[in-house]
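Hello,

Here is the structure we spoke about, with the sequence alongside. My notes follow below it.

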Amino acid sequence: MADSGTRAASDEPRSPWLRTGFVLAAAFIGFVTVIGGAVVATSDASGEDDRSTASQPPADRAADAPSSRSPGGGDGDDACPRLADERQGVPTAAPRGVSWDLYGAVALPSSKAAGPAVAGEDVARCYARTPVGALLATSQISVRYLAADNWRKVTRTQTVGAGRDAYIAERTKAEAEENAPADRDGGAHGQIAGFKFVTYNDTTAVIQTVWRFPDGRMQAATTTVLWQGGDWRLEYPAAPAAATPVDSLAGYAEWGGV
């Protein structure tokens, strides 16, 4: 394990969605790709029969969900299927019934019981109004609004906050100046390694996610999701906070697909 805890925060890789003004940096594409991954793995230590829906085509996944509907979907006017997860206990260990699948080069978690219930190539939406649903939402949206081909759609439909419009404008300008799309498969990649809930209620979840990088260094990024319009939305504040280096997973639930 690298001695990340002894290094200055400015020397650490930062979570791209938390790096203030990152889209204006010369290494914009590198910041985007740092969230990538290498291989896919599956985790279901509980033996529960929640199975992954991430590999199913979007139409099949929606049809596979229960027919009872809940309002709001975050992607057009489509309502979300009602999900089975109703557990309100905040997890302190890896949630059961979660599978991991590659999105570009990053392994992302999903659950039939907690979401996303509807997923296309870019937008993955419809999460349970539970702690696990919030955890899955922050993991999925945090990556997709950076790495999706149609990142504007993800950002407009699945993020809220004072910094959202500025992010869209600044990234659009940066990409035009660079004259190149973000490469979501190349570069030095990190993977989700653990999490910790800071706070949770049925409208707001604040979660710290630990990312592990190939050289062994790790960083903890704090994100907030808000329940709005019938789904969890990632908050993009006007002044995002930088991630902090960590030297172990002590105090965090170990969790990841790689």
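How many bridges join strand S4 to S5, and do the strands run parallel or antiparallel? The model is predicted, and in it five bridges link S4 (residues 98-103) with S5, the strands being antiparallel. Across from Pro109 of S5 stands Trp100. Two residues separate the strands of this hairpin, and Gly104 has a positive phi near 65 degrees.

S5 (residues 106-110) is mostly covered, with five of its five residues buried. Val106, Leu108 and Ser110 point one way from the strand, while Ala107 and Pro109 point the other way. In a regular strand, side chains alternate between the two faces of the sheet.

Helix H5 covers residues 164-178. Its 15 residues should span 21 Å at 1.5 Å a residue, and the C-alpha atoms at its ends are 21 Å apart, so the two values agree. Tyr167, Ile168, Arg171, Ala174 and Glu175 are buried in H5. Viewed down the helix axis, the buried residues of H5 fall within an arc of 140 degrees, so they line one face. Asp165, Lys173, Ala176 and Glu177, on the other side of H5, are exposed.

There is one disulfide in the structure. It is formed by Cys80 and Cys126, with 2.0 Å between the sulfur atoms. The link is left-handed, at -75 degrees about the S-S bond. Cys80 is in strand S3 and Cys126 in the loop between strand S7 and helix H3, so the pair ties together parts 46 residues apart in sequence. Cys80 counts as buried because its relative accessibility is 2%; Cys126, at 1%, also counts as buried.

Regards

Terms used: Residues are numbered from 1 along each chain as its sequence is written. This is a predicted model: local features need pLDDT of at least 70, side-chain atom pairs count only at pLDDT 80 or more; totals for chains, interfaces and linings use all residues. Side-chain values use heavy atoms; hydrogens and water are left out. Buried means under 20% relative accessible area, exposed over 50%, partly exposed in between (1.4 Å probe, protein chains only). Helices (H or I, at least four residues) and strands (E, at least two) are DSSP runs, numbered from the N terminus. Two strands pair if DSSP finds at least two bridges between them. The expected span of a helix is 1.5 Å times one less than its number of residues. The arc is that of the directions from the helix axis to the C-beta atoms. A disulfide is a pair of cysteine sulfur atoms within 2.5 Å.
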